Amino acid sequence: MTMIIDLLPALLEGLKTTLLLFGIILVITIPLGFLVALIRVYAPKGISVIVQLYIYIMRGTPLLLQLMVVFFGLPQIGITLDRFPAAIIAFVLNYTAYYAEIFRGGIMAVPKGQYEALKVLGIGKIRGYRRIIIPQVSRMVLPSVGNEVISLVKDTSLVYILGLGELLRAGQIASNTYASLIPFVAVGIIYLLITGLVTVFLTNIEKKIHF
């Protein structure tokens, strides 16, 4: 018990970084993913192919490798980033690609007749999307988006490769200091608590959307 009390300040400091990463990435990637999905579906073929290539690269290579390329590789071409911005950029590029494919599936799942009805009724594209299409897409993709959100909570631990003091790194340092697995157990419990809260939050949203 004494060890856990001693560990708390370091773990809470690491938790702060983890939650900050999670919040920033989530706020950026979901709307950006929807925008990329729209480009993927409706843009001219040349642009659509470029977007497809971007999505293929981001989904086809490990996130850890992408983190290393952004932080260690970009300086080779004269672009040097601090650890935190490098982590944000790598995560945004990766998760935007995943969300884009999820939203694309939702957009394509809406019956074509509804798009035609918008034209017949003279409803503008922006209004039609906001009032009719987006609510339907949201209901369809929410479970998949929720899975990615939970994955994001855990994937933030990968920033240890950049030397950022997030939760898992704080636990690793404490474990080496005390020569004990207890810090890792504490870290695991904290991750479970976070994912549990996120799951409850997403479940409540899903119930409201499907009400």
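Tutor: Start with burial: a residue counts as buried when its relative accessible area is under 20%, and as exposed when that area is over 50%, with partly exposed in between. This is a predicted model. Of its 211 residues, 37% count as buried.

Student: Which kinds of secondary structure are there in the protein?

Tutor: The protein has eight helices and zero strands. Along the sequence, the pattern reads α-α-α-α-α-α-α-α. The C-alpha atoms fill a box of roughly 70 × 50 × 20 Å along the principal axes.

Student: How much of the contacts with a separation of 6 or more comes from residues 24 or more positions apart?

Tutor: A contact means heavy atoms within 4.5 Å. In this protein, 76% of the contacts with a separation of 6 or more join residues 24 or more positions apart.

Student: Where is V145 found, and what does it touch?

Tutor: V145 is in helix α6, which covers residues 125–155. Not counting residues up to four places away in sequence, V145 touches I30, Y99, I102 and F103.

Student: Is V145 buried or exposed?

Tutor: V145 is buried, because its relative accessible area is 8%, and the cut-off for buried is under 20%.

Student: What about T96: is it buried or exposed?

Tutor: T96 counts as buried, because its relative accessibility is 1%. T96 lies in helix α4, residues 83–109. With neighbours within four places in sequence left aside, the contacts of T96 are T29, L32, G33, V36, Y54 and F91.

Student: L32 is among those contacts. Why does L32 count as partly exposed?

Tutor: L32 has a relative accessible area of 31%, so it counts as partly exposed; that class runs between the cut-offs of 20% and 50%. L32 sits in helix α1.

Student: Which residues form the nonpolar patch on the surface?

Tutor: Residues in a patch need over 30% relative accessible area. Here V27, I28, L32, L35, I39 and I47 form a nonpolar patch, with about 480 Å² of accessible area together. Helix α1, residues 2–42, gives the most to this patch, with five residues.

Student: And how do I read the surface and charges as a whole?

Tutor: The accessible surface of the protein is about 12,200 Å², and 69% of it belongs to carbon and sulfur atoms. There are 17 positive and 9 negative side chains, and the centres of these two sets are 15 Å apart.

Definitions and conventions. Residues numbered from 1 in each chain as written. Predicted model: local features only at pLDDT ≥ 70, side-chain atom pairs only at ≥ 80, totals over all residues. Heavy atoms only, no water. Patch = residues over 30% accessible without salt bridge, like charges linked within 9 Å, V, L, I, M, F, W, Y side chains within 5 Å. Areas by Shrake-Rupley, 256 points an atom, 1.4 Å probe, with all protein chains shown as cover. Salt bridge = Lys/Arg side-chain N within 4 Å of Asp/Glu carboxyl O. Helix = DSSP H or I, 4+ residues; strand = E, 2+ residues; numbered from the N terminus. Buried < 20%, exposed > 50% of the residue type's maximum accessible area, 1.4 Å probe, protein only. Lys, Arg positive; Asp, Glu negative; His and termini not counted. Charge placed at Lys NZ, Arg CZ, Asp CG, Glu CD.
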